[in-house]
Amino acid sequence: MLTPTIGIVVCSQRVPRSGLQITNFVLNTIQKAYPTANLRLIDLATWNLPMYNEPGIPSFITSSDGYTHELTRRWSEEIASHAGFIFVTPQYNWGYPASIKNAIDYLFHEWTGKPAMIVSYGGHGGGKAAQQLHQVLQGLRMQPVEPLVALAFPTKEFTGRATRGEDLGVMQDESIWKDGREQMLTAFQVLAQLVAKST
């Protein structure tokens with residue numbers, strides 16, 4: 001039996017960005033603790049979805065064939081192929097980026113019922129963005145898990161490096177986000193159990 005895949009979403013498309021680096025940190029942390037976990041990276045910058053441009057309403061569309069644009073059909077198939085998700089999001093002005101809201105709003109049934117975990121990051125950890133995204137996932141009838149993981153940038157110098165997209169050293173220095181790592185593994189355990197139940 002194939003292990004169900006969990007999509008780990010890079011929610012930032014900013015250039016430069018620290019989002020891909022932080023998402024890889026999340027992925028590696030989980031993979032190290034759970035070697036059999038089948039995690040697949042979904043980078044919104046690579047997908048580069050335009051602002052929602054489908055003529056139909058996603059909640060009325062039940063298969064990828066119902067979409068007009070080829071890119072939307074491929075996005076539908078990508079999301080439908082995963083049994084759960086981890087959203088790794090920055091916080092912009094007390095909210096999550098437009099890029100992830102747009103990517104979510106392209107679809108409906110492909111998300112519905114699936115477990116999801118949220119990891120936010122920023123100068124103060126991005127907790128407000130995580131709470132808002134949590135509400136949106138509930139609206140999609142997904143199963144958002146707790147705890148919501150908030151990775152706070154430890155210093156102003158670290159924040160500056162993150163803003164410039166420079167190496168943050170999080171792969172090498174295990175003292176950074178020690179509590180965050182523990183929260184991440186706690187949340188992932190809940191996510192994995194829900195995925196196992198639903199597949």
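User: Is the crossing of α1 past α7 left-handed or right-handed?
Analyst: This is a predicted model, where local features need pLDDT of at least 70, side-chain atom pairs count only at pLDDT 80 or more, and totals for chains, interfaces and linings use all residues. Residues are numbered from 1 along each chain as its sequence is written, and side-chain values use heavy atoms, with hydrogens and water left out. A crossing is left-handed if the near helix is turned anticlockwise from the far one by less than a right angle, and right-handed if clockwise. The way α1 passes α7 is right-handed.

User: At what angle do helix α1 and helix α7 pack?
Analyst: Helices (H or I, at least four residues) and strands (E, at least two) are DSSP runs, numbered from the N terminus. Axes are lines fitted to C-alpha atoms, for helices over the stretch in contact, and angles run from 0 to 180 degrees between N-to-C directions. The axes of α1 (residues 19-33) and α7 (residues 178-198) are 10 Å apart, and the packing angle is about 65 degrees.

User: Which word describes how α1 lies relative to α7?
Analyst: The two helices pack at an angle of about 65 degrees. Angles under 35 degrees count as roughly parallel, over 145 as roughly antiparallel, 65 to 115 as roughly perpendicular and the rest as oblique. That makes α1, relative to α7, roughly perpendicular.

User: How many nonpolar residues are in the contact of α1 with α7?
Analyst: Contact means heavy atoms within 4.5 Å. From α1 come Phe-25, Val-26, Thr-29, Ile-30 and Ala-33, and from α7 come Arg-181, Met-184, Leu-185 and Phe-188. Ala, Val, Leu, Ile, Met, Phe, Trp, Tyr, Cys and Pro count as nonpolar, Asp, Glu, Lys and Arg as charged, and the others, Gly among them, as polar. Besides 1 polar and 1 charged residue, the number of nonpolar ones is 7.

User: How many residues does the largest nonpolar core have?
Analyst: A nonpolar core is a set of buried Ala, Val, Leu, Ile, Met, Phe, Trp, Tyr and Cys residues joined through side-chain atoms within 4.5 Å. Val-26, Phe-188 and Val-119 are among those with the most contacts inside the largest core. Elements giving two or more residues to this core include α1, β4 (115-122) and α7. The residue count of this largest core is 30.

User: Is Gly-95 buried or exposed?
Analyst: Gly-95 sits in the loop between β3 and α4 (98-105), and touches Pro-90, Ala-129 and Gln-132, leaving out residues up to four places away in sequence. Buried means under 20% relative accessible area, exposed over 50%, partly exposed in between (1.4 Å probe, protein chains only). With a relative accessible area of 8%, Gly-95 is buried.

User: What is the relative accessibility of Asn-93?
Analyst: Asn-93 also lies in the loop between β3 and α4. Its phi is positive, about 50 degrees, although it is not a glycine. Asn-93 counts as exposed, because its relative accessibility is 79%.

User: Which residue does a cis peptide bond join to Val-15?
Analyst: The omega of this cis bond is about -5 degrees.
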